[in-house]
Amino acid sequence: MSQTEFEHTHHHGRDDPLSGHELRDIKDAADLYQSSSFKLQIDALLPNVRPKESGRQQLDHFLFALRTHCISISSIAPMNPLAAAKVLAKQGVAVPFAFPLPSRDAKWKVAFEPPSEISVVGSWGNGIAVKKQSGSRFGVDLSVEMPEALFQEKDYLDGRFFHKKSYYLAVLAQSISTAFDVDTFYSSALGDPRLTTLVLRTRNGSTSYDFSKSHAEIHVIPVLSLSSPLLLSRLFPSHPNVRIPSSSSPSPFATPIYNNAILLSTVAKEALISTYGLKNALPAFHDAYTLLRVWANQRGYGDGELCVRGFEGKGSFWTGLLRYLILGEELVGTKSGSAKLRKPLGKGLSSYQLFKAALDFLAKQNFGETPVFTKTTNGHRCPPEEYITHHPAVFVDATSTINFLSDVPLTSLDLLSHDARETLEQLSNPGASSDAFANCFLKKRFKLSSRFDAVIRQGISFFLVDLSQASRNQSTSALVEHGSSDAALLTSIASILRRGLGNRTQAIAILQPVTPCRPISSAESPSTSTVHIGLIYDPAHAFRLVDHGPSVEDQDSNVAKEFRDLWGSRAELRRFKDGRITESVVWDVTTSDERAHIPVSIVRHLLQLHFGISAKYAKTLQTPFDSVLRLPDDVRRLHRATGGYKAALAAFDGVVRDLKALDEQLPLALLNVSPISEYLRYTSTFAPLPIPASASTEFPESLRFLPTIPIILEFEKSSKWPDDLKAIQKIKLAFFEIIAQSLMTSNPGLKVSVAIGNSSNPFQGCAALEIFTTEGWSFSAFIWHDREATLLDRIIDPSKMFIGPSDQKYNAWEQREAKVAQELYTRRFIHAPRHHRAIANLCHKHSAYSGTVRLVKRWLAAHWLLQTHVSEEAIEIICALPFIGGKQKSTESAAIVPHSKERGFSLVLEFLTDWKWEEPLCLPLYEDDSATAPEVWTSNGPDAVAVHRLRKFARTASKALHNSATELDIKSLFIHPTDDYDIVIQLNPAVLPRYYQNVNAESSVWTRDSHLGITESTPRPGFDPLPLFLADLQSTFTDTLKFFADPFGGDRIGAIWLSSLGTPRSFRALAGFSSKPLSKEDEAKDKGRVILNRQAILDDIGRLGTGLVQKITVRE
């Protein structure tokens, strides 16, 4: 029963008709929310992110006392600003003057008079406050109106208003800190001293004014009255209001951000009244605002672990956004010359509809091209052209006074638009196993490795040397405009990177910690401590090799000069194949890995060129991740033959051509050759390498692994196939013999042989055709005959025979063997080709998918789980989740799709951390979902032990990626701890042909006596003693031990005793494990009982591994 139905049952009688409101709630739950649980989750969320009533009384008591005290503070006579600051400094209070600092010969003075009005404003004043991130307190904005007598008409010039405001705030700080038992701090949003406020927090142990239960802090904000002497017309964006005599600027410069900062001190009361009116006129406003703020806070658009540049202290933006959607907009022109009027939304919308409307607007709005002017009562106060000309982004409030986005870089707005698109995609296309509600409102998006395709983080040295130097190099005009050197630098970085990367990225994010509070004895805000630059790629353009500029005919134009200034020495004239001669920047790469690094290389180049920030301090995770998928350099030098996926596919095409050419020599025509190998779908951990027979003797044993590539041969149907499984296997052998002879006759370079497996199953096809090409590739072919499935079904279930009961009777052992053969047949001939096609298509559709799968396989293998407990096909399906999305397949351009293997790897780790393996995972991966058998790739694992280990490793790796950012040693993620294994079996690496793939491979193994004893001229395709030995151990000790190993060059095998064998038990024959009687001391208590004979098992393992096992370590 849904919550709506529950309320209805208890409010009305059973036969009472539903009201219109109740009917609408039911319809919304089904249509709008797509599920009743989503609506119930929202209903449960809202009260938990709002202030509790329990602490309001103590807070109100303190606010009344604070108001009484502030209006009774004694006046201070006018005096020189520096002299006044010196007086306060003696009392331990600094005055947070803004730049340009006041001088000793200033003709104006600062003074203090009691405030003319004190009001609670902002979200707390309207009762719409929302909980912040990371346990931050609610903010109670207290506007303190400074008397008009303190100001003069021209105080808007040269920072005089900000100096008087700072002094006023410092006097309040000194008086409040003396009179009340509270902690006092300064806080400057965005590090801008012009936006400094006084923060009051309850002091631990305070008994007089303890408002800690409210979980709030008070922000004292000095404001101007609307009737102040300052002329608002002088604060329009185009007006130059700062004069710097020593400046090298030839003429006054416009100060739109400076002017906007003054205007912010005039609108607090108007915003309070306007929001109050909206809240009363539109019942859904409060809930919609709450949902929007929760969504924004989880993504860094507010106070939290990291804040998107420009959105710190921008709470008014979100109320302004909803006000704009509800009221509509003023008609103005756009930068492109068009005029467009947005109609207001209806007031009958629900909170969720209003929330989605806000996201839809953010997703589609290009603030850099289309300005936004909220509908006003009396029209524009300032000509719209001034905003459009002097601000990169324009969003003017309903008072036609404030531009919310005056100091927000366009990069941050691009990210906001991207996040809105991503959320809308998740809400409209929720995955079968994903929680759309949690993704939207509960999940923090501060794990940068899973949010961005590339993350560049400047190290500590960067801030101690390069950042401080770059900040000092900012021009005086930039410093005046942005308030601090750090703010000016980050704004300039955002602008340069956006120009340089262009359409290579969908969004560029500059994130930094929220500016911390500081003691009132400190005038300056702390410098920026950490900066993260996040890139979200546009896959269509991110990795292009050339950036084209203006043509040779436009060499003297301003566009050409800007292009050369942007790129420096990298810009050069080039002639292209089509005859064009243009300014261009070419990024030289030699491998696909280097090509994937082009956007990061651009960022490093631009930071070095324009800001003198050394590239060695701009760190990223990409290069370390590349190294774990790359073979050692000396191994690659030994493999002189050209390898890789394209070479493997070319070799496969050649084999198909050779097979197709044999039609006249075969009794049945070959219809199709299907690949089913990870080496032919770009998902093998290491790119395949061939070993030509001519070069085979040059490789030592530890480098001689040659992968076998399985393929499926499908012949035309024929009624001449026998109706007996054993006879069918013999016919297949005859086919293989004919094909082998024909291939070697027609292609003298090929070596073809028939391989017979050692399976004892009479119904299982254990023969294969081994094809070894002249280039050194090895293929293993199997023949698919669809009649086998029917015959196996009849053995397993004789009732499926259409004719009368057969004389042939099958015992239970034969039926079990038939089930095993049927599983292999279904997996190899039915599901493997379908799976291969789907994964290959996904690799072609999503450029980052292949790398993601390879990284996850490498990580899972390094932790001894791949193949042994988790199949490679299951991992390929799990890795598809971030790329496919929900019930409908996502496109390459979808916002939720990762475009780098590092981001894909991080997303898969997050999924593995929380996913419940016992629940099904349904993805629209295959073209025919009706034939899906979800258990086919997980029938042999993982079990509970493997799942527990997998979650533990995923949780540890995900936490390391999040906490350490780019200072993490990536290789440490792939180092497997062995402390929790009962047994560790050390193998001899010199006889392991895949040892060179080991995470910690030592080159001395293959360089020492590298050719000793090597006499074979032909490689042994697919031969690897580790999985063979491991299979023997698993079959022999299946009731005793559970084994783990790294299939990629692992030289150790870990094992744990099964917990069920830890206690004595009664002796019985065929118990499944080696046992021994209890010791004499224990025999008296448990007579006739036995315990596990661990030493005998260890001895058996040593005998099985003679020549392979070096030592066995037992953990006591």
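Contact is taken here to mean heavy atoms within 4.5 Å, and helices (H or I, at least four residues) and strands (E, at least two) are DSSP runs numbered from the N terminus. The structure is a predicted model, in which local features need pLDDT of at least 70 and side-chain atom pairs count only at pLDDT 80 or more, whereas totals for chains, interfaces and linings use all residues. Residues are numbered from 1 along each chain as its sequence is written, and side-chain values use heavy atoms, with hydrogens and water left out.

Two helix pairs are described first. In one of them, Phe285, Ala288, Tyr289, Leu292, Arg293, Trp295 and Ala296 of helix α10 meet Gly315, Trp318, Thr319, Leu321, Leu322 and Ile326 of helix α11. By class, this contact of α10 with α11 has 10 nonpolar, 2 polar and 1 charged residues, where Ala, Val, Leu, Ile, Met, Phe, Trp, Tyr, Cys and Pro count as nonpolar, Asp, Glu, Lys and Arg as charged, and the others, Gly among them, as polar. The axes of α10 (residues 285–297) and α11 (residues 315–327) come within 10 Å and cross at roughly 135 degrees, which makes α10 oblique to α11. Axes are lines fitted to C-alpha atoms, for helices over the stretch in contact, and angles run from 0 to 180 degrees between N-to-C directions; those under 35 degrees count as roughly parallel, those over 145 as roughly antiparallel, those from 65 to 115 as roughly perpendicular and the rest as oblique. The crossing of α10 past α11 is right-handed, a term used if the near helix is turned clockwise from the far one by less than a right angle, with left-handed used if anticlockwise.

In the other pair, helix α26 (residues 725–746) packs with helix α27 (residues 787–796) at an angle of about 155 degrees, the axes being 10 Å apart, and α26 is therefore roughly antiparallel to α27. Here α26 passes α27 in a left-handed crossing. Leu725, Ile728, Gln729 and Lys732 of α26 make the contact with Glu788, Leu791, Leu792 and Ile795 of α27, and these residues divide into 5 nonpolar, 1 polar and 2 charged.

Strands are said to pair if DSSP finds at least two bridges between them. An open sheet of mixed pairing is formed by 6 strands in the order β3-β4-β7-β6-β5-β13. Its edges are β3 (117–121) and β13 (518–519), each of which has a single partner strand, so one side of each is left without a neighbour in the sheet. Within this sheet, strands β4 (residues 138–145) and β7 (residues 216–223) run parallel and are joined by 8 bridges, with Glu145 standing opposite Val223 of β7. Helix α7 (residues 160–179) lies across β4, β5 (182–188), β6 (196–202) and β7, and runs at about 15 degrees to β6.

An open sheet of 3 strands has antiparallel pairing and the order β27-β29-β28. Strand β27 is joined by 2 bridges to β29 (residues 1089–1092), and Arg1065 stands opposite Val1090 of β29. Elsewhere, strands β16 (residues 572–575) and β17 (residues 581–586) run antiparallel with 4 bridges between them, Glu572 having Ser584 as its bridge partner in β17. In this hairpin, which has 5 residues between the strands, Gly579 takes a positive phi near 95 degrees.

Across the whole structure, 45 salt bridges are found, each defined as a side-chain nitrogen of Lys or Arg within 4 Å of a carboxyl oxygen of Asp or Glu. One of them joins the side chains of Asp547 and Arg504, at 2.9 Å from N to O. This pair links distant parts of the chain, 43 residues apart, with Asp547 in strand β15 (residues 546–551) and Arg504 in the loop between α19 (485–501) and β12 (505–512).
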